[in-house]
Structures are given as C-alpha cells and as structure tokens.
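User: I'd like to learn how to read a fold like this one, feature by feature. Could you give me the general idea each time and then the case at hand?

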Amino acid sequence: MSVDPKKLTKEVAKRRTFAIISHPDAGKTTMTEKLLLWGQAIQVVGEVKGRKTDRHATSDWMSMEQERGISITTSVMQFPYKDHMVNLLDTPGHADFSEDTYRTLTAVDSALMMVDGAKGVEERTIKLMEVCRMRDTPIISFVNKLDRQIREPLELLSEIEAVLKIKCVPVTWPIGMGQDFVGVYHLAENKTYLYEKGNGGKMTVSETREGYDYPDIRERLGQLMFDAFEESLELVQMALEEFDVEAFLAGEMTPVLFGTALGNFGVNMVLDTLVKYAPPPKAHPTTERKVSATETDFTGFVFKIQANMDPRHRDRIAFLRVCSGKYEKGMKMKHVRLGKDVRIADALTFLAGDREALEEAYPGDIIGLHNHGTISIGDSFTEGEELSFTGIPHFAPELFRRVVLKDPLKSKALQKGLQQLSEEGATQVFMPQINNDLVLGAVGVLQFEVVAHRLKEEYKVQCTFEPVSIATVRWIHCDDDVALAKFKKKAHDQLSIDGGGYLTYLAPSRVNLQLMQDRYPEITFSSTREH
Ligand code: GDP
C-alpha cells in the first residue's frame, strides 16, 4: 500500500492505545468523561450527579455522539492530546462484564488501573490485572476520590504491591484528603499542585508552587495533619525506588498518581504520564513471525464483535486492531481464515469530533468492520500475507447453564445459533460426552440473557437455562497418548468438547480439579485457549 514509511513511523510513535481497568464504582466512567474533556473530544462535561439510578452513562454518550454525528457506541474513543493520538478502549464494567472485557485487553498497549481510595484493591481489579499480566501490559495507577476520606496512602500502596504483585512508584503524593484535600506534591518536580473545588467540568491547570511548605497549606491542614503528611512523604521518599521504565514496560512497576476524577484533578497528569511513558503500538506475535507496527503492509486482528444496537439491521460490528501499515478507505484486505479478498469501503473509525479523519487508520487504532456473519473473534486481516495473530484467548468461564429447548424440533436452529454466537464470543458452548446436553459457559451472568435474547430474535429459538453443577473448566493437553487415554477413561463423565472442537474437563468443584491435577501430573489443565 502507498504508505510513506517515514509518515508511518511518526504516526506509530504518536499512538497510545489503552483501557481502564477497575472495580465497578471506582470511577471509570467519570475518568473517561474527564479524559475526553482533556482530549477536547467533548467541550462540556456535565457534572455527574446522582447517577446511581441511571447506571448507564453509555446512553448519555450515545446521545451525545449522535448529536455530534458519530454513529457508534462508546466502545472506542480516539482523541488527540499534546501531539499524540490516544485510543481509549472501553471495557464493560458493570453487569455486562464478559469475556469482551478480557479480550479488549489484548488489543491495548497499556492500561490505567483505577483504585477507589476508600476501598483499596477490589475483586474485579484483581481479575483484570491477572489478564494484563498474561501479556505483561504496562499499568499506570490512579488512586481516586481524594476529595473524600480515603485510606492511608502508604497502606494503599502496600496493598497494591502485596495483592497485585506490582511495585508502586508514586509520581505524586497527596496532601490531605476529604474536606482537607489540598492537592498533590509531585516528587520528581518538587512542586505542589493545588486542588480547587468546583472545577470538575472545566479544564483547569492547577496553581503550582515550588515545594510544599507554605503557611496557608499548614493552616488548612492543621499542625497534626501537616506533620503526618511530612512524615509519610519522608517515608515514601526513603523507600522510593527510582522509576524504571523497563520495569514499567515489563508490567512489573507502576507509576501511581492521586486525585479525584470527579473533581477533574490529576486527570491531565494521567494523560501526561501516558504519553510520556506508555508504549506506542507494540509488535504482535502471529503464527509465522512477529509483526512490527512500522511494517508498511496493513495487518490487524479482530478482538471483539458487537451486535448492532439497531434491531432492524442484523449486521454486527467487528472491532479490528490495526497492527501494522495503514488502513485507507476502499482498500483491499485479505481475510486470512477464509482465504478471501474483501474491499473495505465503509469501516468505522472513532476520532471523536473530527469527521475529516475518517478515511485512514494507523497501528494502535481500532476500526469497525461491518460483519454479516463472516468474521469471528481472532480473525486476521492482511494485505495478502498468510499470517494469523495469536494470543486472543478464550478464558475459562466461571458460570455454567444447561440449555433447555422449548420446542424440540428446533434443535438444528439451536445448534446453528449457538455455533455462531460462540464464534462471535458471546458465549462458550460445551458438549459433555456422557449425554446430549448443551452447556453454556460465561464469565458474566448477563451473557446468558444476551444469548437467550439473540437466539429468540435472530434464530427464532426459544430456550431456558438450568443450573448445572460445574465450577470451572480446563482445556486438556497431553503429548503422551497413553497417559491421555488413561486420563480420558478415568475422567470420561466430566469430559466435553467445546465449540471449537477442543477437549475440555468440566470440573464439578475446585477441590475436584485440584485432585485431578495432582493425580494426573502429565496432563496440562489450561485455563485459557487461544484462537
Ligand atoms: P464506574 O462504575 O467505575 O464507571 O464509576 P463511576 O464513574 O460511575 O463512579 C461511581 C460513583 O463514584 C459516581 O457516583 C461518581 O460520581 C463517583 N465518583 C467518581 N469519581 C469520584 C471522585 O473523584 N470523588 C467522589 N467523591 N466521587 C467520585
């Protein structure tokens, strides 16, 4: 393709593609809004108030996007920041938590971890960090809600280090909290950034001062709190390891910032840290070789498929991460799995507010392809080369249901529907060897509802789901045929074939799984399966 290598190198260096990982309520939506504000993707942000009843800020975004003439949901948001181009990939965080969240993390180069300062490390964050760890994704951390009473910052850092096994290096250190939140002290700059209430909806550059010891700051904190701040700062400075970019890039060390997303304080520091330290688009492994982002031929892989919001259109959007080269409107691409060339004239791109730029995309960017059933998760697209990207995993589901068909004559349609839905990644299907059951596996409970709904709407199949006593699933590998045969005989009643034709073990309990692993050391029980 006609892409100038110099221009490509420049565009790659400008790109930062990341996602936010956090536990529900830590402030991801609020942070997203403020990041977009700084990216000038939106001009005004309404203070987010009393949204407890209206959990789905997504809908706000959608109407906002429609007003601006951008037709797609919030899955991907692209905006410029200080000579860089930032791609923020949304990961569903609430009830709609699913495997999509996990797979989206395979399409980013770094992640922002948000921790609610009052709550510390929570369960969803632990899980998401595990996924990031699989690819050594660099993590920037943000301790949120400093405008409230939070836990001792030192204690929070120890908890992050202990639970998430990542070394913390504070970039800033909070001065006070709650009513007495004064601001943050920037350790490397030796500067204090003062927090001012009521700026949540504005882009305000904070007042800064050299050092931190000022009469008015002492006064605002009171002597006790000022002493406590100085003491904790001294401890931090003593213990502080130098920030090591290599360790950060390896996912072993995280820079930590403090602030309040709601108050829009510290958000620009997150962006500054992102453009300064987070990596530009990385090389991606394929079955053949590693593909570097600066290669001029276009390549990319599909990490997510989203059903069209509009029920009148049956097509779905396949989200493709560009890995190398350049997407240009109307270009011809090879759909590697099908061995077919396709001309793509109507890919969606996501630069908020700038319709001029809808013509091209560079590595790190995401484009949306209209999918009429021919694209699956994990599919690779190239400019002719035979290569398939690896590392887009299936994760062992944690929730299982047996499918009960209302009309037995519809079993063919059910099979077809489930086959397609599993190819899309909407659910996973397992066929136990001892009976003719169909068992669905999911990571989030909403996945079952989505599947039931779509089976009914798209395949005219009505079914219900019943509980089934499976705790988890593992993919089975073993190079030793004799050992495998022995295991298969013994474990027969718990074995199944998944939607991709792979042998799996359906464990009735964690204890049972542990026992089997101990008993059959030559068998690999894998909790992920790559496409
Ligand atoms: P999400 O579930 O992670 O997307 O969290 P939201 O952004 O929806 O925030 C959850 C709640 O915390 C909302 O009521 C927000 O207004 C509130 N919130 C978010 N950031 C802050 C903050 O910095 N300070 C305070 N006091 N509240 C916040």
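User: Let's take the open sheet of seven strands: what is the strand order?

Analyst: In general, strands of a sheet pair through backbone hydrogen bonds, either parallel or antiparallel. Here the open sheet of seven strands reads β2-β3-β1-β4-β5-β11-β6, with mixed pairing. Strands are DSSP E runs of at least two residues and helices are H or I runs of at least four, numbered from the N terminus; two strands pair if DSSP finds at least two bridges between them. The edge strands, pairing on one side only, are β2 (76–81) and β6 (167–170). On average, neighbouring strands of this sheet are turned by 30° against each other, direction ignored. Keep in mind that this is a predicted model, where local features need pLDDT of at least 70 and side-chain atom pairs count only at pLDDT 80 or more, while totals for chains, interfaces and linings use all residues. Residue numbers start from 1 along each chain as its sequence is written.

User: How many bridges join β5 to β11?

Analyst: Three bridges join β5 (residues 139–144) to β11 (residues 253–258), and the two strands run parallel. Phe142, for one, has Leu257 as its bridge partner in β11.

User: Which helices lie on those strands?

Analyst: Two to look at. Helix α5 (residues 123–134) lies across β1 (15–22), β4 (110–116) and β5, at about 145° to β1. Helix α6 (residues 153–164) packs on the sheet too, touching β4, β5, β6 and β11, and its direction makes about 150° with that of β6. Contact means C-beta atoms, placed from the backbone, within 7 Å; axes are lines fitted to C-alpha atoms, for helices over the stretch in contact, with angles from 0 to 180 degrees between N-to-C directions.

User: Thr137 next: is that residue buried or exposed?

Analyst: A residue is buried if 20 or more other C-beta atoms lie within 10 Å of its own, exposed if 12 or fewer, and partly exposed in between. Thr137 counts as buried because it has 25 C-beta neighbours inside 10 Å. You'll find Thr137 in the loop between α5 and β5. Leaving out residues up to four places away in sequence, Thr137 touches Leu105, Val108, Ser110, Ala111, Cys132 and Gly251.

User: How do α2 and α9 pack?

Analyst: Their axes are 9 Å apart, and α2 meets α9 (residues 267–277) at an angle of about 70°. That makes α2 roughly perpendicular to α9, since 65 to 115 degrees counts as roughly perpendicular, under 35 as roughly parallel, over 145 as roughly antiparallel and the rest as oblique. Met31, Lys34, Leu35 and Trp38 of α2 make the contact with Val267, Asn268 and Leu271 of α9.

User: And which residues come nearest to the ligand?

Analyst: Near means that the C-beta atom, placed from the backbone, lies within 6 Å of the molecule or strand. Of the 19 residues around the ligand, Gly27, Lys28, Thr29, Thr260 and Leu262 come nearest. Helix α2 (residues 28–38) gives the most to this shell, with three residues. By class, the shell has five nonpolar, eight polar and six charged residues. Nonpolar covers Ala, Val, Leu, Ile, Met, Phe, Trp, Tyr, Cys and Pro, charged covers Asp, Glu, Lys and Arg, and the others, Gly among them, are polar.

User: Last one: what do β28 and β29 form?

Analyst: A hairpin, with four residues between the two strands; Gly501 in the turn has a positive phi of about 90°. β28 and β29 (residues 503–507) pair in the antiparallel sense over three bridges, and Leu495 stands opposite Tyr505 in β29.

How values were computed: Two residues are in contact if their C-beta atoms, placed from the backbone, lie within 7 Å.
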